[in-house]
Amino acid sequence: MFPLLAKPRRSVRKPAPPETRTLEVAGRLMPLTIKQHVRATRITLRIEPGGRALKMTIPSGLAQREVNAFLDRHQGWLLTKLAKFSTDAGLGDGGAILFRGVSHRIHHTGSLRGLTEATIVDGKPVLKVSGMPEHLGRRIATFLKKEARADLERLAMLHARSINAPIKSISMKDTRSRWGSCSSEGNLSFSWRIVMAPPSVVDYLAAHEVAHLREMNHGPRFWALCGKLCPHMEEAKTWLKRHGSQLHAIDFK
């Protein structure tokens, strides 16, 4: 009778130690811990209690590009969830706000009067805001509305002239379900929050609604005209899909 042979032990590859990094979510810096797990088959992302940190679990050996792509796709989801932990979304002194695609540090001047101003201080973008501290969010929103109107009126008129389409009126709104609209009478409406996006995205929104002056639909002829007015249309659409919900989630009250 042959003695039982002991089976050789399989070497189990230990997962890499947890990785820690800082993730920026619309100007808000969040500690992020990324942990590999041998039994994980998908990526999971969790907000730690209190909304002060993030924890991510990934399959062992997952490429960094996959991790980064996942985080990029879920920026909007994160901001929406994190907004529940903070009513001002970081709009206080020292916080940050996107303006024309660039994160600006919010600086409360301490003065009760004065215009809100986007400027450069020590080589970094800063948004100077005066008034009472509890009114910072409202004053920032007023500034963004004014800048959005200036940008969108200029761009919409430019695109409308290029296709000889008259615009009856242009208005700014705060709609959460759509970025803009165009009526059959030629009235254009835009969400002023779009001014937080990069200029190319603002240009796309203007071109999109102006194209509706000729094509009141989303058929092939509409998209062909929209693409003619805005050659970077696809890149802008992708940006909005990935980051648009971030802009809608910010509470300026």
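Predicted model: local features only at pLDDT ≥ 70, side-chain atom pairs only at ≥ 80, totals over all residues.
User: Why is D122 called exposed?
Analyst: Buried means under 20% relative accessible area, exposed means over 50%, and partly exposed lies in between (1.4 Å probe, protein chains only). D122 has 75% relative accessibility, so D122 counts as exposed. D122 sits in the loop between β7 (117–121) and β8 (124–129). Helices (H or I, at least four residues) and strands (E, at least two) are DSSP runs, numbered from the N terminus.

User: What makes the backbone at D122 and N164 worth a remark?
Analyst: Most residues other than glycine have a negative phi. D122 is not a glycine, yet has a positive phi of about 55°. N164 is not a glycine either and has a positive phi of about 55°. N164 lies in the loop between α3 (136–162) and β9 (169–173). With 63% relative accessibility, N164 counts as exposed.

User: Are C230 and C182 buried or exposed?
Analyst: C230 has 0% relative accessibility and therefore counts as buried. C182 has 13%, so C182 counts as buried too.

User: Why is H248 called buried, and what does H248 touch?
Analyst: The relative accessibility of H248 is 12%, so H248 counts as buried. H248 belongs to helix α6 (residues 233–249). Contact means heavy atoms within 4.5 Å. Leaving aside residues up to four places away in sequence, H248 touches T175, R176, W179, S191 and R193.

User: Why are α4 and α6 called roughly perpendicular?
Analyst: Axes are lines fitted to C-alpha atoms, for helices over the stretch in contact, and angles run from 0 to 180 degrees between N-to-C directions. Angles under 35 degrees count as roughly parallel, over 145 as roughly antiparallel, 65 to 115 as roughly perpendicular and the rest as oblique. α4 and α6 pack at about 105°, with axes 9 Å apart. The two helices are therefore roughly perpendicular to each other. In this packing, S200, V201 and Y204 of α4 meet M233, A236, K237, W239 and L240 of α6.

User: What makes β9 and β10 edge strands?
Analyst: Two strands pair if DSSP finds at least two bridges between them. The open sheet of 3 strands has the order β9-β11-β10, with mixed pairing. β9 and β10 (180–182) each have a single partner strand, so one side of each has no neighbour in the sheet. Neighbouring strands here are turned by 15° against each other on average, direction ignored.

User: How do you know that β10 pairs with β11?
Analyst: There are 3 bridges between β10 and strand β11 (residues 187–191), and the pairing is antiparallel. One of the bridge partners is S189 in β11, which faces S181. Helix α4 (residues 199–211) lies across β10 and β11, at about 150° to β11.

User: What joins β5 to β6, and which way do the side chains of β5 point?
Analyst: Strand β5 (residues 96–99) and strand β6 (residues 102–108) run antiparallel, joined by 4 bridges. The bridge partner of F99 in β6 is V102. These strands form a hairpin with 2 residues between them, and R100 in the turn has a positive phi of about 55°. A96 and L98 point one way from β5, I97 and F99 point the other way, and all are buried.

User: Which residues touch the most other members of the largest nonpolar core?
Analyst: A nonpolar core is a set of buried Ala, Val, Leu, Ile, Met, Phe, Trp, Tyr and Cys residues joined through side-chain atoms within 4.5 Å. The largest one has 69 residues, of which M56, I97, L144, I194 and F252 touch the most other members. Helix α3 gives the most to this core, with 10 residues.

Key
Residues numbered from 1 in each chain as written. Heavy atoms only, no water.
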